[in-house]
Amino acid sequence: MYVGECQGHGVRTDFEMVHLRKVPNQYTHLSGLLDIFKSKIGCPLTPLPPVSIAIRLTYVLQDWQQYFWPQQPPDIDALVGGEVGGLEFGKLPFGACEDPISELHLATTWPHLTEGIIVDNDVYSDLDPIQAPHWSVRVRKADNPQCLLGDFVTEFFKICRRKESTDEILGRSTFEEEGREIADITHALSKLTEPAPVPIHKLSVSNMVHTAKKKIRKHRGVEESPLNNDVLNTILLFLFPDAASEKPLDGSSAVDNNNPLSESEEYNLYNQFKSAPSDSLTYKLALCLCMINFYHGGLKGVAHLWQEFVLEMRFRWENNFLIPGLASGPPDLRCCLLHQKLQMLNCCIERKKARDEGRKTNTSDMFPGDAGKAGDQLGPDNLKDTDKEKGEVGKSWDSWSDSEEEFFECLSDTEELKGNGQESGKKGGPKETASLKPEGRLHQHGKLTLLHNGEPLYIPVTQEPAPMTEDLLEEQSEVLAKLGTSAEGAHLRARMQSACLLSDMESFKAANPGCFLEDFVRWYSPRDYIEEEVIDEKGNMVLKGELSARMKIPSNMWVEAWETAKPIPARRQRRLFDDTREAEKVLHYLAVQKPADLARHLLPCVIHAAVLKVKEEENLENISSVKKIIKQIITHSSKVLHFPNPEDKKLEEIIHQITNVEAIIARARSLKAKFGTEKCEQEEEKEDLEKFVSCLLEQPEVLVVGAGRGHAGKIIHKLFVNAQRLTESSDEAAAMAPPEEELKRVSSPEERRQNSVSDFPPPAGRELILRTTVPRPAPYSRALPQRMYSVLTKEDFRLAGAFSSDTSFF
C-alpha cells in the first residue's frame, strides 16, 4: 500500500491506491478493470495503444478426502493379545497423526496477453487454468502437526520432572507390614558381608524385596494393577528371552557377535550419546518403559515394570542366572550408568557362579574368580596328595562360597602351610622357601627360568582386578585426592592402589618357590629389568641383568610389597572383588531409583533410539536436507549427553529437532501419496515426480514443468476434479469413480464447458497487471509508462496505479 509521487527530469509519476473490503461487481473481471485503467490514463490519442496484460489466478485445494492420511495408528490391542508378539515393544512409532499438508495452492499465470486477444467479463471468460502457460504450486503445512515419535519421547521426558518415589506411586502398603513381621532388626544385615557404605533402609534390601512379591500380590488385585498381566508378561519375555526356556543359557549374557550392525556407524552411536548398544537389555528396557508410559498406565505402569525388573535382577543374582543382553566383561564406561550397574551385577553373578561350581569340584585347583581359566591347564604337580591338605582346601572353598559369614583372613592357613614347609625341609636359609610345594600355576612362561635356581618360570593363576562403574571410580578418586600430598598420605594412597600388585606377588611366590623380586619383575613389568651384554673375567660376552632405577629407589613400594607378600595361591587369598557386597550395592541402587532418576538414566537410550528411527525412515525417503539435520542432531546430542546432568532446556531442544525431522518426513510421505509417485510405471515419469515432490518440501514455490500438460500438472488437475466432484455433486458414485474415468472425462474443453461441474473451484485470488506506454497529458508529450496492479481475494480488493505524465510544458 503506497501513496505519493515521484519527480524526475521532466517526468512526474503519481502513485495512487484504492483499498476496499467489498468489491463492486463490475470490477471483478478484466473488462471492468480495463475501463478503470483507460479512464485514469485519459489519453488524448484516439486509437489507444494496446494494453499488455499479465494475469495470475490462484486456486486452493483443501479437500483431500479421496486420499486417506496414510499413517496407521499403532494397534494397542494387538500388543496385549500377543498376536504381534513382544517384538512390537522394541519398535518406536513414527509419523504424523494428522495430514501435515493442509492446503495446496495452484497459481496459473498468463504473463503476456494483449487486450482484444482475450475475453473476460461477467458473462464469459477465456481464462481456463488448463490452458495457462505457467503453473506453479505452493503447499501450506499444518502448524505443529502431532507426531507420534515426538510425543513418545516428550512424554517420557516429562517423567524426569516427577518427584514421587516408586513406593509413593504404587502405594506404601506394599512394604508397610514388613516391620511387624521382623522383630529382630539385626537380621536385616545378615545377607550383607560387611556393613556396606550405602544407606540401608530399616530393613535389608534383600528381605524387603523378597517379601515384596507376596505383598504386591496380596495388596493389589488384578484390576488395581497398573499393568495388565498379559502386557507385563509379554514385556518380561521380550526383555528376558532366556526365561522362556527351562534353564537360562549360560551364554545368554554375551551379545550376539555376528550382528552385522556391530561395526557400523549406527551401532556405535551409543559411544557418542553415552547410551547403550542397540541390542542390549538397557536399550530394550528404555523402549519398553517408553511404550508403557505412552500406552499402558503412564507413570504407574513405569513404576510397576521397574519394580518387576528389580525383582527379576534379585532372582537372577540369588539363583546364579546371568542377565541376557549384556556384553560380558567389566562395565563399559562408554555406556550410561544404569547399563554399567547391570554389567557389574553380571560380573558378580559370574564370579559367584564360578565359585559355587568350584566348591562342587573342590579337589581341582581352579581359581573361582577367574571364570574360564580351567583347572586342567594347571600342572599335575599341583593336585593335592595328603588328606590333610585336601581337607584344608575344602575348608577354604566353604569359606569362599558362604556369603553369610565374614571372609576369612588366610593368615592362620598360611602359618600352617609355612610350618608344614619348615618341617619337611631343613630349617633356615632359602631352602625353607624352596621346599614349599608350588601351587596355582597357570602355564610355563616361554623359556624363561628363575635367576637363582634355573627352574622354569611359571605364570601364576591370579585374581582378576575388581571391575568398577564410573560412580565407584569417581568415589575412589575423591578418597585418594583427600589423602593429600603429605608423605603419610602418599604412602596410604600407594597402599590402597597396590592391593592388586600384592595379590599377584603372593600368587607368583606360590607358583615359583625360591623366586626373587627380579623374577617377578621380568614377568610383570619386563621394562623394569634391564639386560646388558658385558665381558666377564674370561673375556666371554654374557648377559647381565639388573632392576631399573625406579625399582632401586629406597623404600620402594614394590620392594616393600615383595617383602610382606607370602606365598599364597590366588584361590586362598582374600578376594580383591567382594562380589556379594558389590551385588547387594547394585541391587540396592536399583531398588531406590525413582521413576524420574530412571527416566534420566535412560533418556540417552531413548534419544539414541529416536535418532536411529528417524535415520531409518529417512533412508526410505532420501531427503538431502533431512540428512544434514540428522547429522546436526547427532553432534548436538553427543555434546549435551556427555555431561552427567544435562540441562532440561538442551534436552528439549534435541527432542524438538527430532520432532521437526519427523514432520518433514511425514510431509514427504503425504506428498508422495498424493502425487502417487509409487504408482508410476515409467521410470522417467517417476523421477520427475519425485524431484517435484522434494522441491515442494524445500522451496516456497515450485514451477510445474509442462504446466497443466506435464506429469505433475495432470495429477494436480485430477486432484482438483475429484475435490470439485465431491463438493458439488451429491452423487455418491461420482465420488467413487476411478481415476482412469476421470482422465477420459477431462478430454476436451468444449465438453468441460457444457458440463455443469467445473474442474476448478472459483479462484481464491485474482491478480492482474495492466501496462501501456502513452503520451500524457497532451498528444505531443513524451510517451511514458503507465501501470495498474489489481488484486482480488475473498475479503480484499486493492488497486495500485502508477501514472506518469510529462512536465516539460506543464
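Mentor: Start with a definition. A residue is buried under 20% relative accessible area, exposed over 50%, and partly exposed in between. Also keep in mind that this is a predicted model.

Trainee: Let me try that on a pair. What do the side chains of R12 and D14 meet in?
Mentor: R12 and D14 meet in a salt bridge, at 3.6 Å from N to O. A side-chain nitrogen of Lys or Arg within 4 Å of a carboxyl oxygen of Asp or Glu is what counts.

Trainee: Is R12 buried or partly exposed?
Mentor: R12 is partly exposed, because its relative accessible area is 27%. D14 is at 17%, so D14 is buried.

Trainee: How many salt bridges does the count come to?
Mentor: The count comes to 34 salt bridges. K38 and E115 form one of them, at 2.4 Å from N to O. This pair links distant parts of the chain. K38 sits in helix α1 (residues 30-41), and E115 in the loop between β4 and β5, 77 residues apart.

Trainee: How exposed are K38 and E115?
Mentor: K38 has 29% relative accessibility, so K38 counts as partly exposed. E115 is partly exposed too, with a relative accessible area of 27%.

Trainee: Which parts does the salt bridge between R161 and E652 tie together?
Mentor: The distance between R161 and E652 is 2.4 Å, N to O. R161 lies in the loop between α3 and α4 (166-170), while E652 belongs to helix α24 (residues 648-675), so the bridge ties together parts 491 residues apart in sequence. R161 is partly exposed at 41%. E652, at 36%, is partly exposed as well.

Trainee: Which residues do salt bridges with shared partners join into one network?
Mentor: K613, E617, E621, R669 and K672 are joined that way.

Trainee: Next, the inside. Where do nonpolar side chains tend to be?
Mentor: In soluble globular proteins, they tend to be buried together. Now this structure. The largest nonpolar core has 139 residues. L305, M313, F675 and I716 touch the most other members. Helix α22 (residues 595-621) gives the most to this core, with twelve residues.

Trainee: Which residues is I716 in contact with, leaving aside neighbours within four places in sequence?
Mentor: I716 is in contact with L104, L106, W135, V137, F675, F692 and V704. There is also a second, separate core of 21 residues. Its members include L442, F508, W523 and W558.

Trainee: Why does V119 count as partly exposed?
Mentor: V119 counts as partly exposed because its relative accessibility is 36%.

Trainee: Now cysteines. How many disulfides does the count come to?
Mentor: The count is zero. A disulfide needs a pair of cysteine sulfur atoms within 2.5 Å. Take C288. The nearest cysteine sulfur belongs to C290, and it is 9.7 Å away. That is too far for a bond.

Trainee: Are C288 and C290 buried or exposed?
Mentor: C288 is at 0% relative accessibility, so C288 counts as buried. C290 is buried as well, also with a relative accessible area of 0%.

Trainee: Last, the backbone. What is the general idea for phi and peptide bonds?
Mentor: Most residues other than glycine have a negative phi, and most peptide bonds are trans. Look for cases that go the other way.

Trainee: Which peptide bond is cis, with omega near -5°?
Mentor: The bond from R776 to P777. P777 is in the loop between β11 (765-775) and β12 (783-793).

Trainee: Where does N144 lie, and what is its phi?
Mentor: N144 lies in the loop between β5 and α3 (148-159). Its phi is positive, about 40°, although N144 is not a glycine. N144 is exposed, with a relative accessible area of 72%.

Trainee: And N622: what is its phi near?
Mentor: Phi of N622 is near 60°, a positive value. N622 is in the loop between α22 and α23 (624-641). At 56% relative accessibility, N622 counts as exposed.

Definitions and conventions:
Residues are numbered from 1 along each chain as its sequence is written. This is a predicted model: local features need pLDDT of at least 70, side-chain atom pairs count only at pLDDT 80 or more; totals for chains, interfaces and linings use all residues. Side-chain values use heavy atoms; hydrogens and water are left out. A nonpolar core is a set of buried Ala, Val, Leu, Ile, Met, Phe, Trp, Tyr and Cys residues joined through side-chain atoms within 4.5 Å. Buried means under 20% relative accessible area, exposed over 50%, partly exposed in between (1.4 Å probe, protein chains only). Helices (H or I, at least four residues) and strands (E, at least two) are DSSP runs, numbered from the N terminus. Contact means heavy atoms within 4.5 Å.
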